[in-house]
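Dear colleague,

Please find below the structure that I am handing over to you. My notes on it follow.

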Amino acid sequence: MLDLLNLPGIEPVDIRASDRGILVIAEALEGTLPVCPMCAIPLQRHGRRSNLFADLPMEGQPVKVEVSRPRYRCGACGRMQVPELAFIDERRRASRRLVASIRERSLTSTFHALADETGLSVNTIKSIAQDHIDALARTVRYETPVIMGIHEIGLAGSPRCVVTNLATSTICEILESRSSKHLDPFFQGLADGRKVEWVHTGSLRPAHRAFLALLPRARRVLDPVHLARMVAGAVHDRSRWVDAFFDLYRIQDKAVALRAFKAWERSLPGDQSGEFCQLVRTARGQREAVFAYWDSPAPTAYAECQAGLEKLPGGMGYSFEIIRAKVLYAGEARKVGTGTGSIEPLEYGPHIPTLVTCGIF
Ligand SMILES: [Zn+2]
């Protein structure tokens, strides 16, 4: 029979097709009788043992291989032995080459598609993907940006925090949330926090700004994207002042913009309420961060990245951890714009997805 498996040490003896896939019956090739490592005498045949494992699909069908191996027993000490088949991943009940092919595709295909294709359970696919993610997490390091963005977007049912490199429009990290619980450990782990010169953020609450202390050279820019969001959709009778405030961003010169801001403040009505009040309070209270916008080397990059990030698919039933890995580690996402360091693997990170490239789910 044609050796359609091409696996060392076994040969196929039969093949059966069913609506569940292809079953290949195989037998281990027998050589000379093995010797007992304790007693140094040849072992005796002692029945056979069969194993079922999944292998690479053939003709679009899942493949299972049932391999039968001789079992040996030592006549002196009773020790039993079965010849090892190194190509089987015993934990997965699959060939190592199948596991490798699933790992390779686990971040670009859906788990259900891989399960259908291979005949393995979705949980087994998940577990193979998790091993792959853990390995990537140990080796992939994204470059610490000089101009950093801290964004909030909805993923897997909750607001998540995305750290971006605004100079290269790439993603560095996706944190579970924008709270200090997740921001602080990330920034504490940055060995080169001094590299960061600019941080564009939304309107972080004071308690959530502690991480800025870990970026000693960074100037914070409170991005107008978030100021606009503060008043977006609100029905208010203060649109004249809101428009006048955002008109400030059309002014090229910072000193002129500051003078216009002071004039705007003087023109404000006495009674301020709701979202408009919040805008006024933020603009006044965080004036330095608001006007750092005019000094930033990439003032509009944050808004562009934020718009790109909002095109990320929101979840599709995956957990946060898997979505994070699919965005951060999928080969397709990492292919673009990488620069590799000599000792530690270092890359710029995946490009901010656009409508064209976000089909990684
Ligand atoms: Zn023995």
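**Helix α2 and its surroundings**

The buried residues of α2 pack against β3 (44-58), β4 (61-73), α1 (96-105) and α3 (122-139). The model is a predicted one, in which local features need pLDDT of at least 70 and side-chain atom pairs count only at pLDDT 80 or more, while totals for chains, interfaces and linings use all residues. Residues are numbered from 1 along each chain as its sequence is written.

Helices (H or I, at least four residues) and strands (E, at least two) are DSSP runs, numbered from the N terminus. Contact means that the C-beta atoms of two residues, placed from the backbone, lie within 7 Å. A residue is buried if 20 or more other C-beta atoms lie within 10 Å of its own, exposed if 12 or fewer, and partly exposed in between.

In α2 (residues 111-118), the buried residues are F111, L114 and T118. Seen down the helix axis, they fall within an arc of 65° (taken from the directions from the axis to the C-beta atoms), so they line one face of α2. The face turned away from this buried side carries the exposed residues H112 and A113. Just after α2, G119 takes a positive phi of about 80°.

**The open sheet**

Five strands form an open sheet with mixed pairing, in the order β11-β10-β9-β12-β13; two strands pair if DSSP finds at least two bridges between them. Because β11 (170-175) and β13 (219-222) each have a single partner strand, one side of each is left without a neighbour in the sheet. Strands β9 (residues 147-155) and β10 (residues 158-165) pair in the antiparallel sense over eight bridges, and I150 stands opposite V163 in β10.
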